[in-house]
Amino acid sequence: MVFRSLCRHAEIGANSYLLDTGKARIVLDAGLHPKHDGLEGIPRYDLLEEASVDSVVVTHAHLDHIGSLPVLLNRQPQAKAFFSPAAAELATAMLHNSVNVMQSKRVELGIAEYPLFTHRDIDELERNFETRGIERPFDLDDAGHVRATFHDAGHVLGSTGITMQCNGQRVMYTGDVNFEDSTLIKGAVFPEEHVDALIIETTRGDSQRRPDYTRQNEEQRLGEAIARTLERRGSVLIPVFAMGKTQEILTMLHRFKKRGLVPRKTPIFIGGLSTKMTVIYDKFAKGRTRRSDDSFHILEDMDLEAGTRKRKGPIPLQQGAIYCLSSGMMSENTVSNQFAQAGFLENPKNSIHFVGYADPDSPAGHIRVGKEGDKVILDPTRPPVARKCEMEIFDFSGHATRESLLEYILKVKPKKAFLVHGDPKASAWFVAQLKEKLPGTEAIVPEPGKDYVI
């Protein structure tokens, strides 16, 4: 039985891996690299022979895990794609939006190979989609060589890890995981039995969370920062990812209003894709997924200024409002980027609060490291903008801390631990820890394209 990374680079990016049992071939995730355009953004699917894949496991619907799924299924039309029910709906919406983004980039940047797939491709490929419930075993190939079970990963709605039994071996792939309860979604519930091979994310391996951190205190700190801004008649911009972070922050804001920390009549704006994602989040409430409050429906229970087809033109900037706008990294041509350029950053009464990861090379990354008054390039085609508003960074990561990931590895005691989805420093931390604390485990940072025998 062989494991192979199909990633182009040993880092966070276009996640995709092959498990070849000798009798069945399973691809784990099919991502698109957020920092590379065109064919450079997709995994090395050329390393897969035609008609050789039995199935694709999709752990969740972020684009770095599902963004190239139509490309893979077009090349492997016999393969089935397995999701949790919520992940399947979110993935379809994300992929259709991705087509729109690629079509715009083809025009604006002249990327000839865009779009990599079309809306019609997605509609046709949905016949390959298979949904399976959490903790309900199923077969990943027609002959039943690989028996699999999804487990709740606690990362975003519908996210899963997966255990696979084959050739007398037990293999687990965590996908992206969060063991702690967040504001809306409850933490992961993973099996703790021994596994022969563990494929585990290492996203936060290069940083230690501050010792005094608690989720409750961090939420309180955000609520107080928002209240300060509103008291001085300013507005708040919270750059968010449309799926996951938007719904978490909206749930926090709902709690802030109920507690009186934020005035109940404060307008809250969201827009575009965030609205579509939130509709799906609400659909899977009432016992359909594990969450903190089954009865809470974001769009029904909150008075939101949500983006709709009826409202055209830019989102209006008004005093004393909260704007939860995508993207979280404030990439060029996104709503949060354009909104920040339209006078928001230059007003000292306003505040911008970052609540998730931002690539250092992104516009959000530039703002985060700058000082008040520094000019920031938000779009290379436009003049830089001076950041005069207040800025703060909050830790609401959807990824497990490195300590909790290490604790899980120590519990399941794998013979081999494949350290994926992490930058070199992150992976190196885990290698060093496992060498000291679990010397019987072989810690592997897989090189792209290389086969590793399990």
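Biologist: Let's start with β16: how many bridges join strand β16 to β19, and do they run parallel or antiparallel?

Modeller: Strands of a sheet pair through backbone hydrogen bonds, in either a parallel or an antiparallel way. Here, in this predicted model, β16 (residues 351-354) and β19 are joined by four bridges and run parallel. To find your place, look at Ser351, whose bridge partner in β19 is Glu390.

Biologist: Which order do the strands of that sheet take?

Modeller: Reading across, you get β14-β13-β15-β12-β16-β19, an open sheet of six strands with parallel pairing. At its edges stand β14 (304-305) and β19 (390-393); each has a single partner strand, so one side of each lacks a neighbour in the sheet.

Biologist: What is the pairing in the open sheet of seven strands?

Modeller: The pairing there is mixed, and the order is β7-β8-β9-β10-β11-β20-β21. Its edge strands, β7 (138-139) and β21 (442-444), each pair on one side only. Within that sheet, β11 (residues 197-201) runs parallel to β20 (residues 416-420), with five bridges between them.

Biologist: Now the surface. Which residues gather in a patch of negative charge?

Modeller: That patch brings together Asp293, Asp294, Glu300 and Asp301. Take Asp294 as your guide: it lies in the loop between α7 (273-283) and α8 (298-301).

Biologist: Why does Asp294 count as partly exposed?

Modeller: Partly exposed covers the range between buried, under 20% relative accessible area, and exposed, over 50%. Asp294 counts as partly exposed because its relative accessibility is 33%.

Methods:
Residues are numbered from 1 along each chain as its sequence is written. This is a predicted model: local features need pLDDT of at least 70, side-chain atom pairs count only at pLDDT 80 or more; totals for chains, interfaces and linings use all residues. Side-chain values use heavy atoms; hydrogens and water are left out. Patches are made of residues with over 30% relative accessible area and no salt bridge: like charges are joined within 9 Å, nonpolar side chains (Val, Leu, Ile, Met, Phe, Trp, Tyr) within 5 Å. Accessible areas come from the Shrake-Rupley method with a 1.4 Å probe; for residues, only the protein chains shown count as cover. A salt bridge is a side-chain nitrogen of Lys or Arg within 4 Å of a carboxyl oxygen of Asp or Glu. Lys and Arg count as positive and Asp and Glu as negative; His and the chain ends are not counted. The place of a charge is taken as NZ of Lys, CZ of Arg, CG of Asp or CD of Glu. Helices (H or I, at least four residues) and strands (E, at least two) are DSSP runs, numbered from the N terminus. Buried means under 20% relative accessible area, exposed over 50%, partly exposed in between (1.4 Å probe, protein chains only). Two strands pair if DSSP finds at least two bridges between them.
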